[in-house]
Amino acid sequence: MSQASAPGKIILFGEHAVVYGQPALAVPVTQVRANVEIGASARPGIWIEAPDVHLRSSLEALDPSHPIATTIRNTCSALEADQPSGIEIQIRSSIPVASGLGSGAAVSVAIIRALAGTLGGALTDEQVSAIAYETEKLHHGTPSGIDNSVVTYARPVYFARGEDLEIFHAGWPFTIVIGDTGISASTRESVGDVRKLWEGDRSHYETLFAAIGSIVRTARQLIEAGTPRGLGPLMDENHALLQEMTVSSTELDRLVGAARSAGAWGAKMSGGGRGGNMIALVGEDDPEPIADALRDAGAANTIITRVS
Ligand code: PMV
């Protein structure tokens, strides 16, 4: 009946500080995707099959606060449509779960668009992003909204809470190698821990957040000016600030160090941290040696992506 897909994402700069109103930069990662196909089912009701997370259930049998149930309900109500019956929603995703690559947001966006297609309704990107944001709250507690935004628009975004989303363009393409620690980590927990630290010493943490905000603004200028080499030291600085906020980990630090030793221009963790993925900025040369060095240092997987 209908089909939709959405890419993964990485945060280039600004994670965690973005929750406190600072800007952040994120880009889509099209090498990994969530795909949703909706077809007819002989059985009444809505049936959901998501083999990657071993889910096979009717909507009725799911907890009403389950992210997929919430997404379906909110999509129908945004379209002012009754819940359809006799359909099967198949969800497949190559985006690793709980690793900072936007898996939850991509699955939501693909479900919303496929369901809108099945119901013959039209939703603006803004509406799609808003519905996905409601589901992100279940995954993350207090999400900034950056994941649903970058995944919905599938373009590089400059995001600040409460401000209009800005799409940015790279003046010169650059290459990022993504290294996966293979450790899934809860963004809800790392965001919660930063909140406790902030509550304990607001002025110190707000100074760190502001320093990250200023890195983000400089990074955007360099990207738009087509001089990405300067992003390397900014990545290193951003990583050090995230370490100070306790959201890095031994494994992330090891991969960041390995990328730098192998000649990356800079490297940092990306996303919620404590596990998940890190990113390294690679020069014009072949990115493969950096990817090899990451795998030698224990990366479970690497992805080479180009920002243009
Ligand atoms: O979904 P992740 O792991 O990429 O993390 C999102 C980034 C945070 O800034 C840590 C949280 C948020 O909601 O922006």
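The model is a predicted one, in which local features need pLDDT of at least 70 and side-chain atom pairs count only at pLDDT 80 or more, while totals for chains, interfaces and linings use all residues. Residues are numbered from 1 along each chain as its sequence is written, and side-chain values use heavy atoms, with hydrogens and water left out.

**View 1. The shell around the ligand.** Around the ligand stand 16 residues, the closest being Lys9, His16, Ser144, Asp147 and Thr187 (near means a heavy atom within 4 Å). Strand S1 (2-13), helix H4 (146-153) and helix H5 (187-200) each supply at least two residues of this shell; helices (H or I, at least four residues) and strands (E, at least two) are DSSP runs, numbered from the N terminus. By class, the shell has six nonpolar, seven polar and three charged residues, where Ala, Val, Leu, Ile, Met, Phe, Trp, Tyr, Cys and Pro count as nonpolar, Asp, Glu, Lys and Arg as charged, and the others, Gly among them, as polar.

**View 2. The largest pocket.** On a 1 Å grid over the protein atoms alone, a pocket is an open set of points with protein on both sides within 12 Å along at least five of seven lines, a cavity is a set where a 1.4 Å probe fits but cannot get out, and lining residues have an atom within 4 Å of a point. The largest pocket holds about 760 Å³ of space, and of the 45 residues that line it, Ser103, Gly104, Ala105, His139 and His140 are the closest to its centre. The ligand sits in this largest pocket (more than half of its atoms lie within 2 Å of the grid points). Helix H2 (103-118) gives the largest share of the lining, five residues.

**View 3. The second largest pocket.** This pocket has a volume of about 360 Å³, and its lining of 17 residues has Glu126, Ser129, Ser149, Phe159 and Leu165 nearest its centre. H3 and H4 are the elements that give two or more residues to that lining, and the largest share, four residues, comes from H3.

**View 4. The cavity.** The structure holds one cavity of 30 Å³ or more, and the largest cavity has a volume of about 60 Å³, a volume being the space filled by probe spheres set on grid points that are joined across faces, edges and corners. Residues lining the largest cavity include Thr187 and Gly272, and by class its lining has two nonpolar, 10 polar and no charged residues.
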